[in-house]
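Here is a short briefing to read alongside the model. Take a moment to find the ligand first, and then follow the topics below.

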Amino acid sequence: MKSPEDYTDDPVLKKIIRKVRSGKRIREEEGIALYEKAGLSLLSLLSEMVRRRHNGDKAFFNRNFHIEPTNLCVHNCRFCSYHKSEGDPESWEYSHDEMLDMVRKFDGMELTEVHITGGVHPSRDIRYYGELLQKIRLLRPDLHIKAYSAVELDQMIERSGMTTGQGLLQLKEYGLDSIPGGGAEIFDETIRKRICPEKTTAERWLEIHETAHRSGIPSNATMLYGHIENYSHRIDHMSRLRELQDRTGGFNAFIPLKFKSANNPMTHLGETTMAEDLKNYAVSRIFLDNIPHVKAYWPMIGRDVAQMSLMFGADDLDGTIEDSTRIYSMAGSGEQNPAMSTGEICRLIRDAGFVPVERDSFYNFIHTFAL
Ligand code: V47
Ligand code: SF4
């Protein structure tokens with residue numbers, strides 16, 4: 001059987017192989033070298049080694065649905081196909097009652113998580129969003145509420161006049177359990193200025209997540225890739241996350257988000273290939289040695305690439321989704337009505353040679369499905 005060393009004569013890659021084998025952290029330059037020089041076979045073997053150390057042969061999923069309160073947004077990110085202006089026939093802003101009806105649609109179903117995120121509404125405030133959590137909590141006390149990206153939180157907390165810590169604690173009292181990873185995009189300031197100039201800064205995004213972790217609210221982290229960034233921007237992004245994770249340990253999962261190019265001002269850039277997507281999963285798994293899970297969000301990359309990603313370091317496919325999100329269908333994803341049954345998810349995982357595990361939002365095992 002071939003070993004990783006058989007796939008390269010490059011001294012830098014050989015050194016990285018030795019480090020990964022012995023569980024040592026790789027440096028930023030080594031992360032860039034992996035992107036630039038390593039072939040997919042080597043990346044698969046190395047990321048598999050790290051993946052097994054964290055998660056054995058398990059591949060996780062959960063039963064979840066999304067609520068997207070509005071797609072009105074005060075920002076104008078150039079990669080976004082989702083936000084619309086007031087009065088646009090494709091815009092929406094749901095009332096509390098409409099969103100509670102969405103929750104009621106799943107009465108009697110054993111879902112464990114609701115993921116709430118949307119545009120940054122021009123006038124709704126922390127009380128509006130807090131009371132929504134409170135009402136959902138009353139209706140479905142069994143649901144974990146993962147809500148509001150750092151960009152939405154930034155706006156609602158700033159407007160409330162509270163400190164970040166006070167705002168987060170207030171939302172926690174209303175029912176917030178964890179924070180999704182959105183809004184991180186790419187932290188590098190020059191790239192950020194070009195793709196989302198008005199948005200919450202990288203520093204502020206990191207500050208909100210750090211404060212959340214210190215307030216007992218775990219979170220996820222994303223990275224939007226495949227547009228105008230280069231490999232060193234990706235590694236810089238992950239390095240800032242790795243450094244924060246060393247201090248707090250509050251990130252559950254890292255989620256690479258592939259730029260989807262339909263219906264937005266960056267359409268001309270096109271999209272990355274599957275090989276590039278798999279390479280990106282592998283390098284993130286290897287580089288982010290302190291984040292326990294790498295999530296392949298299937299509504300964005302599609303079922304086939306999500307399945308392949310399990311062999312390149314990913315260990316989590318997100319969830320059943322129940323056809324409740326529009327962000328990626330509006331940006332041209334092949335998954336126009338994203339929903340998968342647990343049977344379908346288990347089959348994807350088993351066919352790739354892994355053991356399907358239904359998890360809760362903290363990655364505790366709910367059910368392990370035999371191979
Ligand atoms: O921040 C917007 C991205 C994010 C496009 O925490 C785009 O479990 C690609 O963060 N092409 C929101 N990406 C979604 C998000 C998320 C998704 C799944 C799971 C979790 C989690 C979080 O969507 C935004 C932005 O980076 N996005 N437009 C686009 N055209
Ligand atoms: Fe608004 Fe989010 Fe779209 Fe940016 S990505 S314009 S913050 S909805």
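A polar backbone atom of glycine 182 is 3.1 Å from an oxygen atom of ligand 1, which makes a polar contact (a pair of N or O atoms within 3.5 Å; within protein, one must be able to donate a hydrogen and the other to accept it, and residues adjacent in sequence count only if both atoms are side-chain atoms). This is a predicted model, in which local features need pLDDT of at least 70 and side-chain atom pairs count only at pLDDT 80 or more, while totals for chains, interfaces and linings use all residues. Residues are numbered from 1 along each chain as its sequence is written, chains are lettered from A and ligands numbered from 1 in the order in which they are written, and side-chain values use heavy atoms, leaving out hydrogens and water.

**Around the ligand**

- A backbone N or O atom of glycine 181 lies 2.8 Å from an oxygen atom of ligand 1.
- In the side chain of asparagine 220, an N or O atom is 3.1 Å from an oxygen atom of ligand 1.
- The protein buries 94% of the 620 Å² that ligand 1 exposes when taken alone (Shrake-Rupley method, 1.4 Å probe; for residues, only the protein chains shown count as cover).
- Ligand 1 is surrounded by 21 residues, and the closest are Phe79, Lys146, Gly183, Glu185 and Lys295 (a residue is near if one of its heavy atoms lies within 4 Å).

**Glutamate 185**

- Is this residue buried or exposed? Glutamate 185 counts as buried because its relative accessibility is 7% (buried is under 20%, exposed over 50%, partly exposed in between; 1.4 Å probe, protein chains only).
- Its side chain joins that of lysine 199 through a polar contact of 2.5 Å.
- Glutamate 185 is found in the loop between α7 (164-174) and α8 (189-195) (helices are DSSP runs of H or I, at least four residues; strands are runs of E, at least two; both are numbered from the N terminus).

**An open sheet**

- The 3 strands of an open sheet follow the order β5-β6-β7, with parallel pairing (two strands pair if DSSP finds at least two bridges between them).
- Its edge strands are β5 (219-225) and β7 (293-294), each pairing on one side only.
- Strand β6 (residues 251-258) pairs with β7 over 2 bridges, and alanine 253 stands opposite histidine 293 in β7.

**Strand β1**

- Strand β1 (residues 58-62) is largely enclosed by the rest of the structure, because 4 of its 5 residues are buried.
- Parallel to β1 runs strand β9 (residues 355-359), joined to it by 4 bridges.
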